[in-house]
Amino acid sequence: MRDPYAVLGVAKTASAAEIKSAYRKAAKTWHPDRNPDDARAKERFSELSRAYEIIGDADKRAKYDSGEIDADGRETFRGQAGGPGGGFAAEGFEDIFARRARPGRGQAGFDPEDILNTMFSGGFGPGARGAGGFDTMFGDPPKGASRTARKPAKGKDIEVRLPVTLEEAITAAKVRLTLPDGRHVAVQVPAGVEEGQVIRLKGQGLPVAGGEPGDLLAKVHLKPGADMRLDGRTIVADVDVPLSVAVTGGKVPLTTPDGRVALKVPAWSSSGQTLRLSGRGLPDKTGKRGDLLAVLRIVLSEDDREKLGRLYAGAAEAR
């Protein structure tokens, strides 16, 4: 891949915020959802994502800048003699040949087999096997060595907050979510969803070269409506009740996640009194629903205030 800085169009001195901004802007332009059936856009978006994976991560950026990894995130070979790419262990080929090129040892003053023995720490030729030998390095691994293949690389996961209304939680609806890179996804809310539950969407995270993309981790945040709060599976709602209804009894409107209902208020009710509506709370994983608790809040109109004022004034004069 090309230099990640060039891919994102930023300078090597760019800040993390500048790099992130450049990636988001370019990703929105070249996202496959905006360019369907455009192979060039798909390739460009993939290149942008791979570049951001390198220099959008502080650790990887530092390693890339110092030459420890290349533009694809692969480690670069750094010998111990002569700097990057130089040397075989603690000595280079030149050191080996110079040290072995002594008079009296084979034709031209050096023994090729001796040199190979030095390089590979073992015999060279048919049947010459063993730890550190030629076949060990370029053929079968020694007994007991692991043959487990390296796992393919996986892109980074994306963690986001998923707001879910009580209506969506009750009906197990699909919630539309916009990701930081501009993509839109529909997240299926599972039955019996809970506050803080994480919903995983495989393959919706960041892509990576030579591997599978990461996942999307959507953390649920339940949003009660106005004058509502949650207590586990129970919905607690505050209900305004006129003084006249609280005294004589009657019905007041109450908006619930299932719709509007008429709440029956008994006579001589007081503020803070709680009425229970069974089966109108949040469902659990079996579908059984909790309750809704309506907490009465007595409210006085201007007319009520005037009448009560005259009533108390008359009572005071009578005393």
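Is Tyr-64 buried or exposed? Tyr-64 is buried, with a relative accessible area of 16%; here buried means under 20%, exposed over 50% and partly exposed in between, using a 1.4 Å probe and protein chains only. The close-ups below come from a predicted model, in which local features need pLDDT of at least 70, side-chain atom pairs count only at pLDDT 80 or more, and totals for chains, interfaces and linings use all residues. Residues are numbered from 1 along each chain as its sequence is written, and side-chain values use heavy atoms, leaving out hydrogens and water.

View 1. Tyr-64 sits in helix H4; helices (H or I, at least four residues) and strands (E, at least two) are DSSP runs, numbered from the N terminus. Leaving aside neighbours within four places in sequence, Tyr-64 is in contact (heavy atoms within 4.5 Å) with Asp-3, Pro-4, Tyr-5, Ile-54, Ile-55, Ile-69, Asp-70 and Ala-71. Pro-4 lies 60 residues away along the chain, yet its C-alpha atom is separated from that of Tyr-64 by 9.5 Å.

**View 2. The largest pocket.** Helix H4 (58–65) returns here: H4 and H3 are the elements that give two or more residues to the lining of the largest pocket. H3 gives the most, with 3 residues. The pocket has a volume of about 520 Å³, and of its 20 lining residues the closest to the centre are Asp-72, Gly-73, Arg-74, Glu-75 and Arg-150. A pocket is an open set of points on a 1 Å grid over the protein atoms alone, where a 1.4 Å probe fits, with protein on both sides within 12 Å along at least five of seven lines; lining residues have an atom within 4 Å of a point. The volume is the space filled by probe spheres set on the points, which are joined across faces, edges and corners.

**View 3. The largest nonpolar core.** This core (buried Ala, Val, Leu, Ile, Met, Phe, Trp, Tyr and Cys residues joined through side-chain atoms within 4.5 Å) has 58 residues, and those with the most contacts inside it are Leu-8, Leu-162, Leu-254 and Leu-263. Its largest share, 6 residues, comes from helix H3 (residues 39–55).

View 4. The 4 strands follow the order S6-S7-S11-S10, with mixed pairing; two strands pair if DSSP finds at least two bridges between them. S10 and S11 (residues 292–299) are antiparallel over 4 bridges, with Arg-276 partnering Leu-293. Leu-275 and Leu-277 form the covered face of S10, while Thr-274 and Arg-276 form the uncovered one.
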